[in-house]
Amino acid sequence: MTQRLGILGGTFNPIHFGHLAAAEEVRDRLKLEKGIFIPSFLPPHKSDEDIPSAVQRQEMIRLAIRGNAHFTVSDMEIRRGGRSYTIDTIEALHQAHPGAELYFLTGLDSFLEIRTWKDWDRLMTLCSFVVLSRDGYRFRDIAQLGLLDVPEQELSALDAREKDQMLITGESRPVYLERIPFYDISSTDIRTRVREGRSIKYRLPEAVEHYIIENKLYA
Ligand code: ATP
Ligand code: MG
């Protein structure tokens, strides 16, 4: 049986219920055996400000996924060092898991920028993309990327909540569009709230909340 692995990359600064709920929903829908969270070492699109050490971001993931036997965290991008590019990570995962099918989960906000990613066209031949809905972003804007052969009108059905899922085939690898239960949570908002002394309860696991307070992150 081919192993089906879900991969979620990001800065996870910090990890929150948006990441966790989306990853679990997709794991269940697509019957993936594992969900691997991979914190980036240095995110290619972001500046250094507000970034706790990579090891601290990894530790928060470890705390967050305790209790889900399907989830693991990988330190491969941290060990590799330098800028973290998804193409390098996916190639390394193919070597580590020969024959496995790789599903790269990404929020709609990130996917709409895919043309700026290193070797994005080759990347799309190496893994299936699973694009997750995100508050404030529209699936129909994917049409403008000009890389998937699907009419804007069909994509709009997802935005209008008439549909939860769409599978786009005919490309080198299938692309899954997934409207997931609404979790309007972002790490940016959590960091702002901590800085302003506001509550972050119920936006992320309690253990992560405690870790942030104890280590005075984002304060
Ligand atoms: P920041 O505000 O710092 O950008 P973030 O909340 O967007 O943080 P990232 O670490 O940038 O978190 O996200 C990693 C991946 O998870 C990205 O592909 C992002 O689009 C996706 N993602 C983050 N939050 C959600 C959410 N609430 N629902 C669905 N996908 C999400
Ligand atoms: Mg983000």
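These are my notebook entries on a predicted model, taken in the order in which I looked things up.

**Conventions.** I number residues from 1 along each chain as its sequence is written, with chains lettered from A and ligands numbered from 1 in the order in which they are written. Since this is a predicted model, local features need pLDDT of at least 70 and side-chain atom pairs count only at pLDDT 80 or more, while totals for chains, interfaces and linings use all residues, and side-chain values use heavy atoms, with hydrogens and water left out.

**Entry 1, the shell of ligand 1.** I began with the ligand and found 22 residues around ligand 1, the closest being His16, Asp109, Arg134, Ser187 and Thr188; a residue belongs here if one of its heavy atoms lies within 4 Å of the molecule. By class I noted five nonpolar, 13 polar and four charged residues in this shell, where Ala, Val, Leu, Ile, Met, Phe, Trp, Tyr, Cys and Pro count as nonpolar, Asp, Glu, Lys and Arg as charged, and the others, Gly among them, as polar. Elements that each supply at least two residues are β1 (4-10), α1 (17-29), β4 (101-107), α5 (108-111) and α8 (187-195), and α8 gives the most, with three residues. Helices (H or I, at least four residues) and strands (E, at least two) are DSSP runs, numbered from the N terminus.

An N or O atom in the side chain of Thr188 lies 2.4 Å from an oxygen atom of ligand 1, one in the side chain of Arg134 lies 2.8 Å from an oxygen atom of the ligand, and for Thr106 the separation between a polar side-chain atom and a ligand oxygen is 3.4 Å. The protein covers 91% of the 600 Å² of accessible area that ligand 1 has on its own, areas being computed by the Shrake-Rupley method with a 1.4 Å probe, and for residues only the protein chains shown count as cover.

Is Asp109 buried or exposed? I recorded Asp109 as buried, because its relative accessible area is 19% and the cut-off for buried is under 20%, with exposed over 50% and partly exposed in between (1.4 Å probe, protein chains only). Asp109 is in helix α5, and its side chain makes a polar contact of 3.1 Å with that of Arg134. Leaving out residues up to four places away in sequence, Asp109 touches Arg134 and Tyr137, contact meaning heavy atoms within 4.5 Å.

I counted seven aromatic pairs in the structure; rings of Phe, Tyr and Trp (its six-membered ring) pair if their centres lie within 6.5 Å, and planes under 30 degrees apart count as stacked, over 60 as edge-to-face and the rest as tilted. Phe37 is buried at 1%, and Phe71 is buried at 7% relative accessibility. Phe104 and Trp117, with centres 6.1 Å apart and planes at 85°, are likewise edge-to-face, and they too link distant parts, Phe104 being in strand β4 and Trp117 in the loop between α5 and α6 (120-126), 13 residues apart. One aromatic cluster holds Phe104, Phe111, Trp117 and Phe129.

Ile114, in the loop between α5 and α6, is buried with a relative accessible area of 0%. Beyond four places in sequence, Ile114 touches Trp120, Met124, Phe129, Leu145 and Leu147.

Notes: A polar contact is a pair of N or O atoms within 3.5 Å; within protein, one must be able to donate a hydrogen and the other to accept it, and residues adjacent in sequence count only if both atoms are side-chain atoms.
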